[in-house]
Amino acid sequence: MKVSVVSRSGRELIKGGLELSDSATVADLQEEIHRRTKKFHPSRQRLTLPLQPGSKEKPIILNYKKSLKDYTEGNTSNFTVVFKDLGTQVSYRTLFFWEYLGPLILYPIFYFFPVYRYFGYQGERIIHPVQTYALYYWCFHYFKRIMETFFVHRFSHATSPLSNVFRNCAYYWSFGSYIAYYVNHPLYTPPVSDLQMKIGFAFGLLCQVANFYCHILLRNLRSPAGNGGYQIPRGFLFNIVTCANYTTEIYQWLGFNIATQTVAGYVFLVVATFIMTNWALAKHRRLKKLFDGKEGRPRYPRRWVILPPFL
Ligand SMILES: NC(=O)c1ccc[n+]([C@@H]2O[C@H](COP(=O)([O-])OP(=O)(O)OC[C@H]3O[C@@H](n4cnc5c(N)ncnc54)[C@H](OP(=O)(O)O)[C@@H]3O)[C@@H](O)[C@H]2O)c1
């Protein structure tokens, strides 16, 4: 089979094309491109079918597990694929590890070290119990996320662009420092009632445990190798809401904010809710499309998306 590999502008990537066996898979083609051009490791290659000129449709992405014949429609004499370099890639575990490590390290710095001297506060700092509990709560949360990244999640996407590490770290590290700065500040005023603090942390902890259980349920939808694609999540809160893991994540931050009561914490809650809501809408749409009840496929049950009873 003759395969022409062209860039999105139509320029030939490998002069004269590639000659592959008729039984070759997309992964074989990627390996061959890599053999010819060392820079393009398979993880950074995105191969698509060419679009008609002027077409506004999304191109079909070639699945590395499939045979090339699944895409050629009988045309094995000159099959063309469009190549896009996705740039340097990192594993999802690396991405998540670095984004969560920042808040886990930065937050205690504000609690333990005299950083506020550099911001012009010279006096003695009195640490309120709520600030100590907040430190434990915060560290437990990010430690849990790192553990889940390595021992619970079964990711389907092998890699993510390196640039996402910088973008995500900027988000988590700066919000982590922003909240830590205000919660540990020498002029911080704890909530008037102790009961408010207890309710906030107790509710938040309950939601963290529920969030962990949601992640276990998601994990069980796939084989240990990460195979199985997307399934209908079932059980516990997933019987009511599509993205129960996001719902519990949002509520656990609400618990933290009820207990610690800072504007910075609530700003983070609003931004995180906005981001997770957009992702939840996309996930809900994807599941409804995958499970449309046609040709023997199950129908996706009626469920809230993320925040019942509103959405
Ligand atoms: N505070 C914040 O701003 C914020 C933002 C986002 C997330 N988080 C927290 O971080 C956690 C992980 O985030 P995430 O966005 O990676 O969560 P996610 O996409 O919902 O998924 C967690 C894992 O479950 C898999 N999964 C999800 N739905 C599935 C389905 N229907 N069938 C099979 N597997 C499925 C995912 O696979 P894929 O690899 O295919 O995606 C992923 O490996 C969240 O649950 C939340 O607690 C916090």
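Reader: Is Thr-277 buried or exposed in this model, and why?

Author: Please keep in mind that the model is predicted. The general idea is that a residue counts as buried when its relative accessible area is under 20%. Thr-277 has a relative accessibility of 16%, and therefore it counts as buried.

Reader: Where does Thr-277 sit, and which residues does it touch?

Author: Thr-277 is placed in helix H8, which spans residues 263-290. Leaving aside residues up to four places away in sequence, Thr-277 touches Ile-306 and Leu-311.

Reader: Turning to the ligand, how many residues surround it, and which are the closest?

Author: The ligand is surrounded by 29 residues, of which Ser-156, His-215, Tyr-230, Glu-249 and Lys-283 are the closest. Sorted by class, this shell holds 16 nonpolar, 8 polar and 5 charged residues.

Reader: Which polar side-chain atoms lie by oxygen atoms of the ligand?

Author: For a polar contact one looks for a pair of N or O atoms within 3.5 Å. In the side chain of Ser-156, an N or O atom is 2.4 Å from an oxygen atom of the ligand, while a polar side-chain atom of Glu-249 lies 2.6 Å from a ligand oxygen atom. Of the 870 Å² of accessible area that the ligand has on its own, the protein covers 93%.

Reader: Which element gives the largest share of the shell around the ligand?

Author: That is H8, with 6 residues. Among the other elements that give two or more residues to the shell are helix H3 (92-112) and helix H7 (244-260).

Notes:
Residues are numbered from 1 along each chain as its sequence is written. This is a predicted model: local features need pLDDT of at least 70, side-chain atom pairs count only at pLDDT 80 or more; totals for chains, interfaces and linings use all residues. Side-chain values use heavy atoms; hydrogens and water are left out. Helices (H or I, at least four residues) and strands (E, at least two) are DSSP runs, numbered from the N terminus. Buried means under 20% relative accessible area, exposed over 50%, partly exposed in between (1.4 Å probe, protein chains only). Contact means heavy atoms within 4.5 Å. A residue is near a molecule or strand if one of its heavy atoms lies within 4 Å of it. A polar contact is a pair of N or O atoms within 3.5 Å; within protein, one must be able to donate a hydrogen and the other to accept it, and residues adjacent in sequence count only if both atoms are side-chain atoms. Accessible areas come from the Shrake-Rupley method with a 1.4 Å probe; for residues, only the protein chains shown count as cover. Ala, Val, Leu, Ile, Met, Phe, Trp, Tyr, Cys and Pro count as nonpolar, Asp, Glu, Lys and Arg as charged, and the others, Gly among them, as polar.
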